[in-house]
Amino acid sequence: MTWFKSKLWLPLLCMAVALFSTLLSTPAQSARLKDLATVQGMRSNQLVGYGLVAGLAGTGENNNRFTEQTFRSMLNNFGIKVPENTTLSISDVAPVVVHAELPPFAKPGQTIDVTVSAIGDADSLRGGSLLQTMLRGVDGNIYAIAQGSLVVGGLGVEGADGSRVVVNTPTVGRISNGATVEREVPNDFNLTDSITFNLDRADFTTAKNVVDTINAFYGQGSAVAQDAVSIRVSAPRDPSKRVEFLSALENLEITEGEGEARIVVNSRTGTIVVGSNVRLKPVAVTHGGLTVTVNEDPTVSQPAPFSQGQTAIVPNSDINVQEEQARMFKLDTGATLDDLVRAINEVGLAPGDLMSVLEALDQAGAIEGRLVII
């Protein structure tokens with residue numbers, strides 16, 4: 001694209017962004033492109049390692065075999081030979097798994113946070129220090145080295161009689177800036193003539209709006225939608241120009257496509273979320289409650305004197321059935337979320353009853369949307 005070679009492209013771009021912001025001052029539903037999508041290739045990488053936490057006040061391992069093996073290996077690295085028939089007391093040491101997220105473009109010498117989790121029968125990691133631990137990527141290479149004192153938010157206290165009180169999780173800790181990056185993850189940020197944006201939520205309307213907005217500023221064909229998620233945008237190869245171009249691009253305001261009409265029901269917690277696009281067809285709903293109460297009032301049967309009978313317990317059950325008066329509400333064509341909520345509040349349905357009503361409406365084909373039960 002020869003347009004990028006001109007020295008005037010950046011001022012023109014700033015003017016275009018300002019004009020675009022003015023046009024979007026109307027109350028339209030919009031968001032920045034950086035809040036709707038991510039750049040392909042700019043991703044974090046998971047790191048994990050196995051190490052030891054030392055300095056625990058007797059809350060570490062209780063003679064675990066693989067912990068002892070790890071401890072022996074560490075001592076051997078320092079030139080200390082421990083006889084095989086020697087039993088080590090390592091109650092102040094605990095084996096842990098260390099994991100972290102390596103952000104994109106992280107350079108050697110920078111630091112990242114790490115989380116440390118006990119994997120044995122250690123009671124607490126409070127007061128411990130992580131010894132030097134290699135953090136590896138999925139390819140097996142070492143990308144960072146972690147070490148430092150743990151910050152543990154949990155607390156565990158045990159009495160002599162075996163009673164115990166645990167607050168939060170004392171076997172998980174965190175070290176802020178506890179790992180130093182040793183290797184950079186290669187990327188192709190400057191190796192291609194285009195940048196690909198991947199939408200966080202697949203939507204054909206949003207993808208089309210992204211393409212139309214970018215093409216309106218950089219010319220027809222600058223952006224091409226590959227599917228409902230990916231949009232490829234032509235970009236300059238020069239690193240400095242590409243950074244400036246991407247900075248302006250990700251701050252463009254994009255009109256989002258309206259989401260799918262959904263009603264999401266969480267059957268475990270009773271949470272119900274109704275989307276604003278949900279519509280209902282004409283339907284009448286009636287709902288009533290039936291309460292059955294069973295009371296047991298056993299009586300004692302006492303035989304007459306000198307009758308040689310035996311005292312017995314005679315069951316006496318009292319069953320009471322109470323049916324609440326059924327209440328009905330009617331929804332007309334194109335009833336909205338407000339209409340549904342108002343009708344439900346008037347009837348006074350509990351979350352469990354509301355789930356039953358929504359399932360019945362879905363079975364009757366009265367919901368213009370999708371009912372999702374999780």
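**Close-up views of the predicted model**

**View 1. Thr133 counts as buried, at 1% relative accessibility.** Buried here denotes a relative accessible area under 20%, exposed denotes over 50%, and partly exposed lies in between (1.4 Å probe, protein chains only). The model is predicted, so local features need a pLDDT of at least 70 and side-chain atom pairs count only at pLDDT 80 or more, whereas totals for chains, interfaces and linings use all residues. Residues are numbered from 1 along each chain as its sequence is written, and side-chain values use heavy atoms, with hydrogens and water left out. Thr133 belongs to strand S6 (residues 129-136); helices (H or I, at least four residues) and strands (E, at least two) are DSSP runs numbered from the N terminus. A polar atom of the Thr133 side chain lies 2.7 Å from the backbone oxygen of Leu131. Apart from neighbours within four places in sequence, the residues in contact with Thr133 (heavy atoms within 4.5 Å) are Gly49, Tyr50, Gly51, Val98, Ala144, Ile145 and Ala146.

**View 2. Helix H5 spans residues 239-250.** The twelve residues of H5 reach 16 Å from the first C-alpha to the last, close to the 16 Å expected at 1.5 Å a residue; the expected span is 1.5 Å times one less than the number of residues. Buried positions in H5 are Arg242, Phe245, Leu246, Ala248 and Leu249. Viewed down the axis of H5, these buried residues fall within an arc of 165° and so line one face of the helix; the arc is taken over the directions from the helix axis to the C-beta atoms. An α-helix has 3.6 residues a turn, so residues three or four places apart point the same way.

View 3. A salt bridge is a side-chain nitrogen of Lys or Arg within 4 Å of a carboxyl oxygen of Asp or Glu, and the whole structure holds eight of them. Lys34 has a relative accessible area of 35%, and that of Glu250 is 21%.

**View 4. Arg237 and Asp193 form a salt bridge.** The closest N and O atoms of the pair are 2.7 Å apart. Arg237 is partly exposed, at 46% relative accessibility. Salt bridges that share partners also join Arg201, Asp203 and Glu256 into one network.

**View 5. Strand S13 pairs with S11 and with strand S12 (residues 223-225).** Two strands pair if DSSP finds at least two bridges between them. S11 and S13 run antiparallel over five bridges, with Ser234 of S13 as the bridge partner of Ser194. S12 and S13 are likewise antiparallel, over three bridges, and here Arg232 of S13 is the bridge partner of Val224. S12 and S13 form a hairpin, with four residues between the two strands.

Conventions:
A polar contact is a pair of N or O atoms within 3.5 Å; within protein, one must be able to donate a hydrogen and the other to accept it, and residues adjacent in sequence count only if both atoms are side-chain atoms.
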